[in-house]
Amino acid sequence: MGMSVTISAADAQDAEHILKLQYLCYQSEAELYGDYAIEPLTQTLDALRAELSDGYGLVARLGDEIVASVRGRVDEAGTVRISKLIVHPRMQRHGLGGRLLDAIEGHFAGDPAPTAKRFQLFTGHRSEGNLRLYRSKGYEQVAAREIGPRLTLVTLEKAA
């Protein structure tokens, strides 16, 4: 019988493992867009720790190994900005990304203080797997911004 994946809040001790996983997971995005200087590949450990302390993060573990993660932060207008949803390549296409997305939404929409009015995230225009997942979870495109000749960021949103 195999181990099951558990999802829990990320803490400061997880930061280094999350950063390593982030670096692995964003290689395919960098290749897709021909840009290895994207922020997830250049983010420092201190910057990631700051993101975790200023917002909320989740990790998915298979045994002791972190195999997926997501971060979110709510602003003063009630928009939860979800970022860096990552799943280890060997764990992709098994529903783990969707489970993490549901869990981070649940955290911000739930008690004791449901401050979320909407959820928002973004991805590159050629990231079909990401776009498919987000649309299947009820997100709709609200904006697109050209970052450069090879990348347009697509912003998606849904009501909380």
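My entries start with ground rules, then go from the whole protein to the sheet, the helices and one glycine.

**Ground rules.** I am working with a predicted model, where local features need pLDDT of at least 70, side-chain atom pairs count only at pLDDT 80 or more, and totals for chains, interfaces and linings use all residues. Residues are numbered from 1 along each chain as its sequence is written, and side-chain values use heavy atoms, with hydrogens and water left out.

**Whole protein.** I listed 6 helices and 7 strands; these are DSSP runs numbered from the N terminus, with helices being H or I of at least four residues and strands E of at least two. Read from the N terminus, the order is β-α-α-α-α-β-β-β-α-β-α-β-β. The radius of gyration is 15 Å, close to the 15 Å from the globule rule for 160 residues, so the protein is as compact as a globular protein of that length. For that I took C-alpha atoms, and the rule is 2.2 Å times the number of residues to the power 0.38. The C-alpha trace spans about 45 × 35 × 35 Å along its principal axes. I also noted that 42% of the 160 residues count as buried, meaning under 20% relative accessible area, with exposed over 50% and partly exposed in between (1.4 Å probe, protein chains only).

In what order do the strands of the open sheet lie? I read 1-2-3-4-5-7-6, with mixed pairing; two strands pair if DSSP finds at least two bridges between them. The edges are strand 1 (5-9) and strand 6 (140-148), each pairing on one side only. From one strand to the next, the twist averages 25 degrees. I then looked at strand 2 (residues 56-62) and strand 3 (residues 65-74), which run antiparallel and are joined by 7 bridges. Within this pair, V59 stands opposite S69 of strand 3.

**Helices on the sheet.** Helix 1 (residues 15-25) lies across strand 2, strand 3 and strand 4 (79-87), at about 95 degrees to strand 3. Helix 4 (residues 45-54) touches strand 2, strand 3 and strand 4 too, and its direction makes about 60 degrees with that of strand 3. Axes are lines fitted to C-alpha atoms, for helices over the stretch in contact, and angles run from 0 to 180 degrees between N-to-C directions. Contact means heavy atoms within 4.5 Å.

**One glycine.** I found G138 in the loop between helix 6 (128-136) and strand 6. G138 is partly exposed, at 39% relative accessible area. Leaving out residues up to four places away in sequence, G138 touches E157 and K158.
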